[in-house]
Amino acid sequence: MDYGLKNQDKLSEECGVVGMFAPEKDVQSYIHFGLYALQHRGQESAGISISDGSDIKTKKKMGLVSEVFQGDTLENLSGYNAIGHVRYSTEGDSSVTNAQPLTITCKLGKISIVHNGNLKNAKGLRKRLEEEGTIFQTTTDSEILAHLLAKSSYNNIIDGLKEVASMMKGGYTFLLMTTDRLIAFRDAHGFRPLSLGKVDGGYVLSSETCAFDTIGAEYVRDISPGEMVVIDKQGITSTTLLEPKDPSLCIFEYIYFARPDSNLIGKNVHLVRKELGKELAKESNITADIVSGVPDSSLSAASGVAEALNLPYEMGLIKNRYIGRTFIKPNQEMRELGVQVKLNPVNATVFGKRIILVDDSIVRGTTITNIIKTLRDAGAKEVHILISSPPVKFPCYYGIDTSSCGELIASKLNVEEIRTEIGADSLQFLSIQGMVRAVERVPGLNENTGYCLACFNGEYPVTEED
C-alpha cells in the first residue's frame with residue numbers, strides 16, 4: 001500500500017494492531033503472522049510485546065514485518081499474552097523512537113501499548129502534561145495515554161482507564177497489556193475498526209478479520225464503540241468505558257484501507273467495493289471498450305463497473321510488488337519513472353482501446369496523471385477515469401494522513417478542472433449518496449451502523465465540546 005501524502009498520492013491510515021491471550025499457547029508466531037496479514041495498514045515499522053506472566057519483552061524496529069523479525073528474533077520472544085503493531089505515521093515522526101509497542105513501568109506496573117488512529121486533542125493534552133512536569137520520549141498518542149494512566153488517582157489499570165478515557169477525543173483503538181491481562185477499547189464513535197476472535201484456549205483482537213483467517217481464529221464479533229474488553233485467565237469481560245455516540249466507522253476502510261477478504265461489521269470489503277463500482281456505473285454515461293482497475297484496492301470496484309456496464313473486465317495495469325519500502329523518487333523525472341516501475345501497462349490489452357480506468361480516490365492527482373500518460377503512451381485511444389468515492393475535500397483528524405486542505409486537489413479544483421489537470425478524456429466521482437447506498441446494500445451484522453463522511457462533506461462527528 002502507498003504511504004500517503006508524505007510520499008505518495010494515496011491516503012494512508014495510521015496502523016494495524018493485533019493482540020492475543022491464550023494461556024495454553026506460545027503466541028509469538030500467531031502475532032507474527034497476524035502482523036503479516038495487517039502489513040497493508042503500515043509499512044514504516046513493526047513491533048511485538050509479549051509476556052510469560054512475569055515480565056514483558058518488546059521487540060520493534062523500522063521496516064516491514066519480514067525485516068524486523070528475522071532469524072532467531074522470535075525465539076527470544078515467548079509467552080501467552082502479546083500485542084503487535086504495524087505503523088504508518090500520521091502524527092509523530094517516522095523513526096524507531098515512535099515505533100510501537102510502547103512499553104513503560106509506572107505505579108500501575110509494567111504496561112505495553114499500541115494504538116490505531118489519532119487523538120484530536122493530543123496537542124492540548126501534551127501541553128498540559130508537560131506543564132505538570134511530564135517528560136516525553138516520543139511524539140505518539142500512545143505515550144499520552146501512558147502518562148495519563150501514570151498520573152491517574154487509581155492504583156489499578158482498569159479504574160485508571162475509566163478515569164482517563166474521557167479526556168481523550170478523536171478516533172482510536174487502543175490495545176494494552178500488563179504481564180497477565182490484555183485490554184482493548186475503542187473511541188465512543190468507533191472510527192477505527194477492531195474485531196474479537198477466538199482460538200482454542202484464548203482470544204484474539206485485530207484491526208481486521210483477515211488476521212483471524214491467517215492464524216486460524218474464529219471471528220466472534222466487533223468491539224462496540226466505547227466498549228472495553230479485558231481478557232485474563234478467568235476469561236473475557238466487557239464494560240462500557242465511554243458512553244457510545246453516533247456510530248461513525250471510517251467509510252474509507254471499505255473504499256481503500258481494509259483488505260478485500262476482511263469483514264467490517266459483517267460486511268465483506270470486496271463485496272462492498274463491487275457495489276461501489278456498480279453504483280458508479282449507474283451514475284456514469286460513458287462508451288468504452290474495456291474496464292480496468294488500478295491495482296490492488298480498485299480491482300473489486302472495477303469488476304463491479306464492468307459487470308454493470310456489460311463490458312469486458314481486463315487487466316490493463318500490472319503492479320510490481322517487489323519494489324521495497326525505501327524506493328525513493330528524488331525529482332519529477334524519477335517520480336514519473338517510479339510510476340512505470342510500480343505500475344506497468346499491458347500493451348496488448350490497452351492498445352487502440354477506449355478504456356474506463358477505475359480508481360478508489362484522487363488525493364493530489366499526481367499518480368493518476370502519470371498513469372493516464374503511461375496508458376496513452378501504450379496506445380490507449382481514450383482514458384476515462386471513474387472514482388469509486390466522492391471528491392476528498394476536507395482533512396481528517398481521526399487517523400488518516402490528510403493534515404490540510406492545501407494537499408487535496410478537490411478542495412481547490414472542480415471536477416472539470418481536475419479532469420483537465422490529470423489529462424483524462426472524462427472524469428466521474430461517485431456521489432456521497434451513491435456511496436452510502438452501495439455500502440448499505442451489502443448485508444452486515446448491524447444495519448444501524450453509521451459512517452464518518454467528514455473528508456467528503458466536512459461534517460466532523462467529534463466537536464470541541466465532545
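Modeller: Rings of Phe, Tyr and Trp (its six-membered ring) pair if their centres lie within 6.5 Å; planes under 30 degrees apart count as stacked, over 60 as edge-to-face, and the rest as tilted. We have a predicted model here: local features need pLDDT of at least 70, side-chain atom pairs count only at pLDDT 80 or more, and totals for chains, interfaces and linings use all residues. Residues are numbered from 1 along each chain as its sequence is written, and side-chain values use heavy atoms, with hydrogens and water left out. Searching the whole structure gives 12 aromatic pairs.

Colleague: What makes Phe 21 and Tyr 80 an aromatic pair, and which kind is it?

Modeller: Their centres are 5.3 Å apart, and 85° separates the planes. The distance is within 6.5 Å and the angle is over 60, so the pair is edge-to-face. Phe 21 belongs to strand β1 (residues 15-21), while Tyr 80 is in the loop between α2 (65-68) and β4 (81-87), 59 residues apart. Helices (H or I, at least four residues) and strands (E, at least two) are DSSP runs, numbered from the N terminus.

Colleague: Why does Phe 21 count as buried?

Modeller: Buried means under 20% relative accessible area, exposed over 50%, and partly exposed in between (1.4 Å probe, protein chains only). Phe 21 has 2%, so it is buried. Tyr 80, with 9%, is buried too.

Colleague: How do you know which kind of pair Phe 252 and Phe 456 form?

Modeller: Those centres lie 5.5 Å apart with 25° between the planes, under the limit of 30, so this pair is stacked. Because Phe 252 lies in helix α7 (residues 252-257) and Phe 456 in helix α15 (residues 454-457), the pair ties together parts 204 residues apart in sequence.

Colleague: What makes Arg 126 count as lying over the face of Phe 136?

Modeller: The rule asks for NZ of Lys or CZ of Arg within 6 Å of the ring centre and within 35 degrees of the ring normal. Arg 126 is at 4.0 Å from the ring centre of Phe 136. Likewise, the charged end of Lys 120 sits over the ring of Tyr 397, 5.5 Å from its centre.

Colleague: And how do you know where the buried residues of α5 lie around its axis?

Modeller: In helix α5 (residues 157-164), the buried residues are Ile 157, Ile 158, Gly 160, Leu 161 and Val 164. Viewed down the axis, they fall within an arc of 160° (taken from the directions from the helix axis to the C-beta atoms), so they line one face of the helix.
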